[in-house]
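I set out here, in order, what I looked up in this structure. The entries pass from a single residue to the whole protein and then to particular elements.

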Amino acid sequence: MNPGTEGELTVGGERYRIHRIADLAPAGMPYSLRIVLENLLRHGVPAEQVEALLAWDGTGTATAVDLNPSRIFLHDTNGVPALADLAAMRDAVAALGGDPGRVNPLIPAELVVDHSVIVDHFGRPDALALNTKREYERNGERYRFLKWAEGAFDSFAVVPPGTGIMHQVNLERLARVVEARDGWAFPDLCLGTDSHTTMVNGLGVLGWGIGGIEAEAAMLGEPVSILLPRVVGVRLTGALPPGSTATDLVLHLTELMRGRGVVGKFTEFSGPGVAALGVPDRATIANMSPEFGSTCAYFPVDAETIRYLRFTGRPESQVELIAAYAKAQGLWHDPERPPQYAETLDLDLGTVVPSLAGPRRPQDRVRLDRARSRFREALDRPSRPTLVNIDGDISSIDNGAVAIAAITSCTNTSNPAVMVAAGLLARNADRRGLRPKPWVKTSLSPGSRVVVDYLAKAGLTPHLDALGFHLTGFGCMTCIGASGGLIPAASQAVREGDLSVAAVLSGNRNFEGRINPEVRMNFLASPPLVVAYALAGTMDADLATEPLGTDPEGAPVFLADLWPSPEEVNAVIAEAIDPGMFAEAYADVFGGDERWRSLDAPEGAVFAWDAASDYLRRPPYLDGLAAEPEPLGDIVNARVLLRLGDTVTTDHMSPPGAIGADTVAGRYLHDRGVPERAFNTYASRRGNHEVMVRGAFANVRLRNRLAPGTEGGWTVRDGAEATVFDAAAAYREAGVPLIVLAGKEYGTGSSRDWAAKGPALLGVRAVIAESFERIHRSNLVGMGVLPLQFLPGENAETLGLTGFEAYTVTGVEDGTATVRADDREFQVTVRLDTPREVAYHRHGGIMPYVLRTRFSR
């Protein structure tokens, strides 16, 4: 604590202690950095960290500061391996003769189960019930483990399956905005194991995604070390024009910010246009901060924040505290007095037009009226019309056929405006007799039960059902690749005709191989455009000028005929949604249904691992750990496992979707007697390192330049093609260390710890890339893998590297290392950005560091 900065705040007769950041912060300090200042003061960090922040002048510095989150937020597929690591740490402490109960979260940690349900069933009234039943059949073992963890660990709670998507649940219920704890009031600083934790920035909560490894350390009391960031201001003016949605706005911003370059920076929104955006619109923008590349996308508290908190049924005492604290601490947005930013971008909301993004990256925005041109430019194969027979309807499909149309993801389903617009467009289409094309797999998977309540109250559910958008589940589903199989006849046509078909989804990511392995093109769009493309059935159409179909009288029906007006959307929202819906939906947010409550969970401080399990295996990271770290030394005579290009995503490194029978992981499961129908997804098996290491770099669209002409997990060793896993195993047997060569934006995408764990278990000691995405670089450090960055203007091509050289890396401790590749020598920057990261690396990663420094005494 820093007693010289303490003060008091009285709200509703309650007295709270606070740190008076309003009196200390330099004039013009961004709102987000004021929250950082309060955190440093309250946790008594070394004085030089506070002094560095107080000397802030609008630019970032090389000073590292230690942040202590107020809570950690997890989901099941990242949370299970994180909790398995903590369970393994308890085993290690017990083996050293210590008390395993000491390994325990010191701050609140909440986990939402939302990443495991799959769109197996769709287009039928009982799809939700069938998918939920299948979810529990597949994941019962993992869910029992989560229930064990909830009982074994203090300050840890689980939001059971079927409640909603974590970020929407956070926005609508769990986010505190201002915490009241032990007589203190302070900002809710939320860090989560999903990159889209930033969604809560739209509610005035500072937070961002971190890797599961970093989250484990934070739960155990380790601070999260960051460099004081540059803060980019985005000044908003005007208002969205009719016909444009928050989805269109965020796609504009993603394109703008990626072009500007904001990786590792804070972004903060201000200006008169902020007031024109409701919290759901702000949350849509904040959700896609990882797609910008920024650490966060922060909206300060204002009157709209307070309105939304009341709208979602928060207790009035909490709402009053939030308003009073924000005003007293200089955290209340004043559009007339903008903060001082390192750089400022201006955006007139009135310039936003209907758009999509695709076919492979979220930043590749295209206007709706040019979407067909974008599709044709991206197409890499000739026309191949192929007949399909679906329930007796014989049709011809070709490249560009929309095989998946999914209203999915918290990015958009948290926003009533776009969900009501989708419902109204469906109603209008239904009344005109339009139906989706028979090859389109349609689904609705919202992030909250409130969504289906207000759609039903507005009378829109029957029309969505009529178009095949039946409720399939409450979870991430298609957005994370849990899309299930295509319609069988469409799948057969894709294979027989070698077609390049498309998915249109209201999600936040469209990376190659993510949505479905048979779908080569993926386009992000607003929910009403998802419905429209389901009706059109193809990307090879101009929705701005061509009809979506014809009515029973043969009259053409255009998108403009169906699109609802803003006035109609707002009227439905006002009539159909009230705070009581949120209160009812979240009345027992941690309770779960009868299926969850009836799960038989094990008990005890130490988890009883089952050697026969294919979902949960004790992680090997701490096996044989010495009491003191061994010097890591130089990397000598290493070989390149993969040579990769630009924008290699964490999906490429560790795919989340279905495990194919012909993959290394699939063959492993088959050899253990697991039937193919039970393979499930990589995401569901992240608690089993044997499966996950075999899935490392196994994305079906990964292209390794060491093995040109191949896609998937292939490389070359000793002149012969081999799977990445088999080659790595042979190198490991021979005692040969491995490295990866890569281009720009290495590790973009999800905060997937297995994108670092997998390479580490393969034997990768270092990654040399042109640039790293923030979270993945941290994950590499957390697993003891050294991130090395080419000097500006240099890369594998300019240095003449083939990837078949022998590599030696020396001088790592100097900050700039020397790499020798056969007869070539070059310098690289060592991306251990803070003293704490240097310490982690010396110990071989975060887990060994924490075990040695906190639990070995």
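Predicted model: local features only at pLDDT ≥ 70, side-chain atom pairs only at ≥ 80, totals over all residues.

Entry 1. A residue counts as buried under 20% relative accessible area, as exposed over 50%, and as partly exposed in between. I located aspartate 498 in the loop between α18 (488-497) and β22 (502-505). I also noted its backbone: phi of aspartate 498 is near 50°, a positive value in a residue other than glycine.

Entry 2. I then turned to asparagine 680, which is not a glycine either and yet has a positive phi of about 65°. Is asparagine 680 buried or exposed? Its relative accessibility is 8%, so asparagine 680 counts as buried. The loop that holds asparagine 680 runs between α25 (664-671) and α26 (689-694).

Entry 3. I looked up the protein as a whole. I found 31 helices and 34 strands in the protein. The radius of gyration is 26 Å, close to the 29 Å that the globule rule gives for 857 residues, so the protein is as compact as a globular protein of that length. Taken along the principal axes, the C-alpha atoms fill a box of roughly 80 × 75 × 55 Å. I noted that 64% of the 857 residues count as buried. For contacts with a separation of 6 or more, I recorded that 77% are between residues 24 or more positions apart.

Entry 4. I examined how helix α7 (residues 212-219) meets helix α31 (residues 846-855): their axes come within 9 Å and cross at roughly 15°. An angle under 35 degrees counts as roughly parallel, and α7 is therefore roughly parallel to α31. The crossing of α7 past α31 is left-handed. Which residues make the contact? From α7 I listed Ile213, Glu214, Glu216 and Ala217, and from α31 Ile846, Met847 and Val850. I sorted the residues of this contact between α7 and α31 into five nonpolar and two charged, with no polar ones.

Entry 5. I checked the cover of helix α29 (residues 774-782) and found it mostly covered, with eight of its nine residues buried. The buried residues of α29 are Ile775, His776, Arg777, Ser778, Asn779, Leu780, Val781 and Gly782. Just after α29, I noted a positive phi of about 80° at glycine 784.

Entry 6. I looked up serine 443, which is found in strand β21 (residues 441-445). With 2% relative accessibility, serine 443 counts as buried. What does serine 443 touch, leaving aside residues up to four places away in sequence? I listed Val119, Ala405, Ala406, Ile407, Gly468, Phe469, His470, Thr472 and Thr478.

Entry 7. I closed with a peptide bond. The bond from glycine 358 to proline 359 is cis, and its omega is near 15°. I placed proline 359 in the loop between β16 (355-357) and β17 (365-367).

Key
Residues numbered from 1 in each chain as written. Heavy atoms only, no water. Axes fitted to C-alpha atoms, helices over the stretch in contact; angles between N-to-C directions. Helix = DSSP H or I, 4+ residues; strand = E, 2+ residues; numbered from the N terminus. Parallel < 35°, antiparallel > 145°, perpendicular 65-115°, else oblique. Left-handed = near helix turned anticlockwise from the far one by under 90°. Contact = heavy atoms within 4.5 Å. Nonpolar A, V, L, I, M, F, W, Y, C, P; charged D, E, K, R; others polar. Rg over C-alpha atoms; globule rule 2.2 N^0.38 Å. Buried < 20%, exposed > 50% of the residue type's maximum accessible area, 1.4 Å probe, protein only.
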